[in-house]
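The sequence and model come first.

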Amino acid sequence: MNVFFQSVFATIQKYQMFKGGERVLVAFSGGPDSTALLHALYALAPEWEGQLVVAHFNHGLRADADRVEALCRRVVDDFGLPFIAGRSSTLQLGGSNLEARARSERYRFLQLAAQQAACAKIATAHTMTDQAETVLLRLVRGTGVSGLKGILPVRRDGVVRPLIERTRQEVLGFLRQHQIGFDDDEMNRDRRFARNRIRSEVLPLLERLNPQVVASLARLASLARRHDSALHALLEEKMRTLLDAEGRICIRALRATPTPLRGALLRAWLGEVHESGKQKARTLCHWDALVAHAGRGDDRFLSREEAWALLRGQAPKERAGHFPYEWTSVPFAGPGRLALPGGLTAEVEVVGAFQRSQLRHRLACAREWIAAFDAENPAAATAWRFRPARPGDRIEPIGMAQSKKLQDIFVDRKVPRSLRWGRPVLVCGDTLLWVPGVVRSRHFLLPERGTQCLWIEVSPRRFAAESGV
């Protein structure tokens, strides 16, 4: 076994990339890196009794893209390996962020090809030089410590990088030594792409200061991965002291945590929870703002859904005419006046014998700020209370047999974002009965005739004056 293959095999063993008998999909572009990868894995596959399948993705961005695909097919045929080709139908149409879109389509194809060929792993040809370029690119864009991890040698989705500890110069040296041909993609020199400018301008300049800068940046990525792994273990231990049985995080305990750890704790807690199927990058100021908006040092717990609502900016700030995002529930068991957040007051009255027709006109005139409930319904014995509206709440509006998201009702009624979450809602037990000023549920409707009803009027006068409603 030659020296290059031995070094690649050492990396495979170090990161335990393959298990005995696994089928591996090899991403093959025809360029120098993927050509070296294909030769190395073909020679090393017997070491883990593996089988190889080769996949090529035609981006359609080069005038000679079809020639390159045909070249790759011939090379793979010479190896006697199965070959899967894919082609983009959208990249050639142009558009913004071409580099990121090409990467996304390529990986989507590789994942589908791996499923089709029953491959457990996908091997890509990223080298140590690619690692250095990635670290520099992320530094320029303002990454945190986690971003310095760069290209992971092994990803959770089965993607592995056997060449990650070999430089591009080593790859080219191996190909020259064995007179192995490859395709030279001119797009790798196109300076419209940030990575190519890093490759052609920044790295050569840094190499004048430190000839081993590629290895130094790769070592930085390795240290960042170790740091991240150790931090993750500590966070898991710390997290047990912050969460309740439902997985909600205690605001008081979070506030007592050293500031540098808060963002890491919140990021670990949210984990893979995301919005619109895509996790958005969050900076330290986002996490600090989340803690600031979440409460004032009380003992309440914040759910993941509430946290994402705050990060999306759906939670209002605590100022006149707006609702605080969270506050202590206001219970009541009889007549009286209740002070509610946002400058609202609720007058609760028990009305004796009535006819629904007598109340209909008054209810209609008051729109959604007055509601009457059947106080003699057996279920009404459950405790009634006002609590803040929260993301995830559902209500069964009058005339509907099924529940509807409160978020959708807010959108339909054109309720401003700042006046949604945190506004008072009336609940009986776990049933949402009424959102004053917005919607009434179908529960506890008045019978045609009755002996007693609960009459509640919420006054928005101060609230309306301060918020401009």
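A salt bridge is taken here as a side-chain nitrogen of Lys or Arg within 4 Å of a carboxyl oxygen of Asp or Glu. By that rule, the side chains of Asp64 and Arg67 form a salt bridge, at 2.8 Å from N to O. The model is predicted, so local features need pLDDT of at least 70 and side-chain atom pairs count only at pLDDT 80 or more, whereas totals for chains, interfaces and linings use all residues. Residues are numbered from 1 along each chain as its sequence is written, and side-chain values use heavy atoms, with hydrogens and water left out.

**Overall make-up**

The protein chain has 15 helices and 20 strands. Helices (H or I, at least four residues) and strands (E, at least two) are DSSP runs, numbered from the N terminus. Of the 469 residues in the protein chain, 47% are buried. Buried means under 20% relative accessible area, exposed means over 50%, and partly exposed lies in between (1.4 Å probe, protein chains only). Contact means heavy atoms within 4.5 Å. Among contacts between residues at least 6 apart in sequence, 72% join residues at least 24 apart.

**Salt bridges**

The whole structure holds 24 salt bridges. Three of them are set out below.

| Salt bridge | Closest N to O | Relative accessibility |
| Glu69 and Arg73 | 4.0 Å | Glu69 13%, Arg73 37% |
| Asp130 and Arg168 | 2.6 Å | Asp130 9%, Arg168 15% |

Arg73 and Glu69 are four residues apart in helix 3 (residues 65-79), so about one helical turn separates them. Glu69 is buried, whereas Arg73 is partly exposed.

Asp130 and Arg168 form a salt bridge with closest N and O atoms 2.6 Å apart. This pair links distant parts of the chain, with Asp130 in helix 5 and Arg168 in helix 6, 38 residues apart. Asp130 is buried, and Arg168 is buried. Both belong to a network of salt bridges that links Asp33, Asp130, Glu133, Arg168, Arg195 and Arg199.

Glu105, in helix 4 (residues 98-116), is buried yet has no salt bridge. Lys and Arg count as positive and Asp and Glu as negative, while His and the chain ends are not counted. The nearest side chain of opposite charge to Glu105 is Arg108, 5.1 Å away. Leaving aside residues up to four places away in sequence, Glu105 touches Phe57, Ser88, Thr90 and Leu91.

**Helix 6**

Arg168 is also one of the buried residues of helix 6 (residues 168-177), along with Val171, Phe174 and Leu175. They lie on the same side of helix 6 because they cover an arc of only 125° around the axis. The arc is that of the directions from the helix axis to the C-beta atoms. Gln169, Arg176 and Gln177, on the other side of helix 6, are exposed. The buried residues pack against helix 1 (3-14), helix 2 (32-44), helix 5 (128-141) and helix 7 (194-209). Gln179 follows helix 6 and has a positive phi, near 50°.

**Two sheets**

Two strands pair if DSSP finds at least two bridges between them. Five strands form an open sheet with parallel pairing, in the order 3-2-1-4-5. Its edge strands, each pairing on one side only, are strand 3 (83-87) and strand 5 (159-160). Strand 1 (residues 23-27) and strand 4 (residues 121-123) run parallel and are joined by three bridges. Lys121 in strand 4 is the bridge partner of Val24.

Axes are lines fitted to C-alpha atoms, for helices over the stretch in contact, and angles run from 0 to 180 degrees between N-to-C directions. Helix 2 lies across strand 1, strand 2 (51-58) and strand 4, at about 160° to strand 1. Helix 3 packs on the sheet, where it touches strand 2 and strand 3, and its direction makes about 170° with that of strand 3.

Another open sheet has four strands in the order 9-10-20-12, with antiparallel pairing. Strand 9 (336-340) and strand 12 (370-374) are its edge strands, each pairing on one side only. Neighbouring strands of this sheet are turned by 20° against each other on average, direction ignored. Strand 9 and strand 10 (residues 344-351) run antiparallel and are joined by five bridges. Arg337 stands opposite Glu347 in strand 10.
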